[in-house]
Structure formats: C-alpha cells, structure tokens
Amino acid sequence: MRNEVIIAGGGIAGLAAAVALTDAGYRVRVVEAGRMPGGRALSLHDETRGDAVDIGPHVLTSEHRNMLALLGRLGTAREIDWQPQRFITLVDDGEAIPMKNHALPAPLHFLPNFLRVRKLAASDILSARRTLYRVMRMNEADVLAMDDRDAESVLRGLGVSENFIDWFWRTVCMAIMNVPLEECSAGSLMRFLWMMSARGDFHFGFPRIPLGELFVPMATKLIERGGGSVVTGVAVRAVQCSGRGVQSVALSDGQTIETRRCVLALPPQALQGLLPAFVEQDYQLDRFRTSPYISTWLWFDRRFTEEKFWARIWSPDNLNYDFYEFANFRREPLSTPSLIGSNIIYSDRAAQLDDEAIIARTREELAEFAPASRAARLVHARVHRISMAICAPHPGFEARRPEVRTRVPGLYLAGDWLRTELPSSMESAVRSAYLAVEALAADDALTVRAALPRREPHGISALLAREKAAPRSSPRS
Ligand SMILES: Cc1cc2nc3c(=O)[nH]c(=O)nc-3n(C[C@H](O)[C@H](O)[C@H](O)COP(=O)(O)OP(=O)(O)OC[C@H]3O[C@@H](n4cnc5c(N)ncnc54)[C@H](O)[C@@H]3O)c2cc1C
C-alpha cells in the first residue's frame, strides 16, 4: 500500500512513532516480538495478588516533554502524580534528607540542600563550583568532546573533592546514568547535570496507573482507528533493501511484507543481523553494552511511610538505590496496604544472589529508611531480572548513538539509545520516534512537527548558556 509504514518494535518508541504517523495520515503496521506491547515500560499482571506490576519502578521528570506530549495525545497525561515541592528524599546511613528546589535563581536552587548535609563540609560544596560553571556553558558539541573521558577523572580534574564525588556524584551517576561513575561518559553525566541545574523546577512524577496503561491501550486504539494494526508475538527477521530504498520486511511467521517505509524501533542488540551488512556497517552495534536491573516487589500487610520515592546514597555495598511506595501514588486500591518496588541498578554485583537473598537484603535496605517495616508481614514478593534497562553510557557512547535517518531511503531508526541529546529513557525513546516521523514525512515532502527540544534554561543558567545544538550529521547528508 502506498502510505503504509512497517514499525518493528512495540515499545514506547514504536508506539509513539505509530501514533504520530497515523495522525499524519499514514497507515502503520506495528510488529512486536513479545506477547504484548510495552517493551521495557511493560506492566504485568501478578497472578498471586491480582495487582498490575511494572517491569520495574519508573519515574517521569518535568523534562519528559515529548513523553508528556504523547500522553496528552493519548488522554493519560493527568495520570501522573507530580511532586513539585519535594525533589527527592535521600537516605544516608538511616538518615532521611529531604531535597527541595529552593526559590533561588537556577542553578543556585539546589545549594541550600547541600548546606544541611552533615557529611559535606563547606569546602566540599565549594569544590563543585568549576564543574557547575563549566556545565552551565556546555552545549552538545562539548558533550561529544567529553564523551571519550570517564566522569570520575573529569570531576577530579575540575577540583571536586573526593568527599563530594562519593556523596553526590556516585549516587547521581548510578541512579540516573545507571553505571558507576568511573565507567560513565563524562559527556553523558555533565549533560544530565545541565538538565537538572538549568531550571529551578526540575521535579519527578509517578504513574497513578500501571506504566504500560499510560500508553499501550490508547495508542493501540488510535492506530487501529486510523486503519493500522499492532501485531504481537511476531518478530521482524530481516529488512531487505538496496541503496535506492526499502523493498520488504521478513517476519518470523514466514510472511514477507512489501513496503517502501520502515521504522526500526529496536534496541541495538535486536538490530544485529537484521539489517543488510552495508547498512549495519554504519553502526558499531556490538559495542553497545547494557545496564541490567533487578527490580523487587514486596507486598506488606501494613503501610509504614507517607513517602512516594526515596533513594539511597552511594556505598560500595549497596544493592538497591531507589525505592517507591506504590500505595502512595497508585489511583486504584492495591490488594495490600503497601506495595514497595525497588531497583538494583547495574545489577551484575547481585547476579549470583537467589531471589530469597535479594528479598532479604532488600528488606534490610528498606528498614534503614522505614524501621517499622521490620514488624510488617511480607505477604508476597517477586523479583524481576531485566537484562537491559538502558544501554550503558560508557565513554564513547554518545558519539556512537545513531541519527534516526539511515543511509537507505525509507529506512529509519528509533529508540531510547538514538542521538536525541537526552539520557536514554522513555523521554529519549519518544523524542527519537518523533524525530524519525519528522524525517520520514520530510522525505515524502510533508512537514510534520512533532519533536520538542529541551526546555530553555532560567536564571543565571540562562545568562551563561551558549547555543545548545551541535551541528547534526546524517549518513545521507
Ligand atoms: C526497571 C527499569 C527502570 C527504568 N526506569 C526508568 C525511569 O525511571 N524513567 C525513564 O524515563 N526510563 C526508565 N527506564 C528506561 C525505559 O524503560 C526505556 O528507555 C524505554 O522503555 C525504551 O523504549 P524503546 O521503545 O526505545 O525500547 P523497548 O522498550 O526495548 O522496545 C523495543 C521493542 O522491540 C521488541 N523487539 C525486539 N526485537 C524485535 C524484533 N526483531 N521484531 C519485533 N519486535 C522486536 C521488544 O520486544 C520491545 O517491545 C527504565 C527501564 C527499566 C527496565
């Protein structure tokens, strides 16, 4: 069919692309290998308790602009429980430290929080000033220039004290970048610091409904209403194309679909061997590493905190970093008064532990923040081992992230790992999808405006900001 687009992958990137293309008048066919759409933002039904649990706890931020635009289109944006006052509660050796956005011009809005941390001396806080100035002046070209260096040595080179590195940077790096500081691209980490400090209103939000329900049911309905379809349990096995364009897509059920346009909304591991060699050679797919997670879900017979979300300060012995009390933000009642979710990030260090050991250690770490949880009865537990939460942003990652347009006319890539100028996340996935849709439409001589840029900086950060974008390159330009 003339206007048909095949989309491989029914994660949030694939479905966002499908909805935007449907809105632009294309007929889409989404082909998803799994039993249901959702990918790494999937929600599952717990057979024992009857509750929906996400693959692992997820948060949105005020910078998830493209994702929020998608949710707006799907009518689910109101299902986010925002926490604008309290930025986060950090837990350090059993002490809860609330962190807030103070009414000071960015990037000073965070400063008063550090002044109240007993473990940080004034000299530690002052040692961050050169980093902060450098970050405020950064643009995407600087991100790429720093990409081959590790964040730990760059911070040391900028004079940040060891104490501040351990307390703040190691925590942020694990929690947000999902890799240890010494293994993180300096460019990736500094870009996140820019996002956090450019505006005084960066904050988190939590899905009031199961994560997958934010986008899967309504996206599917809109796609079908536009004459398209979402097929599950079928994988794309190969994309046949020549230098002149896409010809067909071969599926695992034996079908071959002739098409001129295809969006591959797949992680790099799934792309390997699926593209013709002359296309795959443009990407170093085997060099993308993963950050695995272990997410633990604990059902208790009583609730012991009013907090929605807290994160533990880095320590070499940590298993879990972030904890969530779903009973404090889920709209529908749960089967027990408390449902705790937690994430063991970059979880190789826990790979040898069995579920029982993970649950026991997770309860210990939970009790550091909520001692009352020791007396609570554990009604049910499940442990999810997830081979990839995101691609690990090791040094060199940013430079390897591909653009959405491939060298083959009609063939586009999407997914959280593409070059979106954002950390890999649901937001990056949706932005990549919108960039792919814009490129596809432009190649058909149509104008579609879908992708939103990062928000503008405020305060002192705005005065210091330089132009944001690095010059873009594409395999075909
Ligand atoms: C536990 C956990 C916690 C996270 N926390 C956060 C968070 O707090 N905030 C945040 O923004 N992000 C978070 N993320 C990351 C976020 O989930 C991902 O960035 C996002 O979901 C990626 O979406 P995607 O569509 O790019 O890829 P995917 O979701 O991986 O989608 C790709 C899809 O393609 C399918 N597929 C694979 N091969 C084929 C094939 N050959 N043919 C057809 N289909 C195929 C897969 O089954 C999958 O459904 C977290 C991830 C995890 C796992």
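**View 1. The loop around Asn178.** Asn178 is found in the loop that connects helix H8 (162–177) with helix H9 (186–197), where helices (H or I, at least four residues) and strands (E, at least two) are DSSP runs, numbered from the N terminus. Although Asn178 is not a glycine, it has a positive phi of about 65°. The model shown in all these views is predicted, and local features need pLDDT of at least 70, side-chain atom pairs count only at pLDDT 80 or more, while totals for chains, interfaces and linings use all residues. Residues are numbered from 1 along each chain as its sequence is written.

View 2. Pro107 belongs to the loop between E8 and helix H3 (111–115). The peptide bond that leads from Ala106 to Pro107 is cis, and its omega is near 10°.

View 3. The protein is divided into domain 1 (4–38 + 215–285 + 396–446), domain 2 (43–63 + 77–82 + 204–209 + 290–391) and domain 3 (107–197), with bounds that come from an automatic or database domain assignment. Between the C-alpha centres of domain 1 and domain 3 there are 34 Å. Their contact takes 6 residues from domain 1 and 11 residues from domain 3, two residues being in contact if their C-beta atoms, placed from the backbone, lie within 7 Å. On the side of domain 1 that touches domain 3 there are 3 nonpolar, 1 polar and 2 charged residues; in this division Ala, Val, Leu, Ile, Met, Phe, Trp, Tyr, Cys and Pro count as nonpolar, Asp, Glu, Lys and Arg as charged, and the others, Gly among them, as polar.

**View 4. The shell around the ligand.** Of the 37 residues around the ligand, those that come nearest are Gly9, Gly11, Gly39, Gly56 and Ser425; a residue is near a molecule or strand if its C-beta atom, placed from the backbone, lies within 6 Å of it. Two or more residues of this shell are given by each of helix H1 (12–23), strand E2 (27–32), strand E15 (290–300), strand E19 (378–391) and helix H15 (426–443). Domain 1 and domain 2 each supply at least three residues to the shell, which by class has 20 nonpolar, 13 polar and 4 charged residues.

**View 5. Helix H1 against helix H15.** The axes of H1 and H15 come within 8 Å and cross at roughly 35°; axes are lines fitted to C-alpha atoms, for helices over the stretch in contact, and angles run from 0 to 180 degrees between N-to-C directions. Among the residues that make the contact are Ile12, Ala16 and Ala20 of H1, together with Met426, Ala433 and Val437 of H15. The residues of this contact divide into 13 nonpolar, 1 polar and no charged.

**View 6. The parallel sheet of 5 strands.** An open sheet is formed by 5 strands in the order E10-E2-E1-E14-E20, and its pairing is parallel; two strands pair if DSSP finds at least two bridges between them. At the edges are strand E10 (229–232) and strand E20 (411–413), each of which pairs on one side only, and the twist averages 20° from one strand to the next. Strand E14 (residues 262–264) is joined to E20 by 3 bridges, and the bridge partner of Cys262 in E20 is Leu411. Helix H10 (residues 216–225) packs on the sheet and touches E2 and E10, its direction making about 125° with that of E10. Helix H1 lies across strand E1 (4–8), E2 and E14, and runs at about 170° to E2.

**View 7. The mixed sheet of 7 strands.** This open sheet has the order E8-E7-E16-E17-E18-E15-E19, with mixed pairing, and its edge strands are E8 and E19. From one strand to the next, the twist averages 25°. E15 and E19 pair in the antiparallel sense over 10 bridges, with Ser295 standing opposite His384 in E19. Helix H13 (residues 355–369) packs on the sheet, and its direction makes about 75° with that of E15.

**View 8. Two hairpins.** Strand E7 (residues 86–92) pairs with strand E8 (residues 95–100) in the antiparallel sense over 6 bridges, and Leu90 stands opposite Ile97 in E8. This hairpin has 2 residues between the strands, and Asp93 takes a positive phi near 50° in it. Strand E11 (residues 236–242) and strand E12 (residues 245–251) run antiparallel and are joined by 6 bridges, forming a hairpin with 2 residues between them. In E12, Gly245 is the bridge partner of Ser242.
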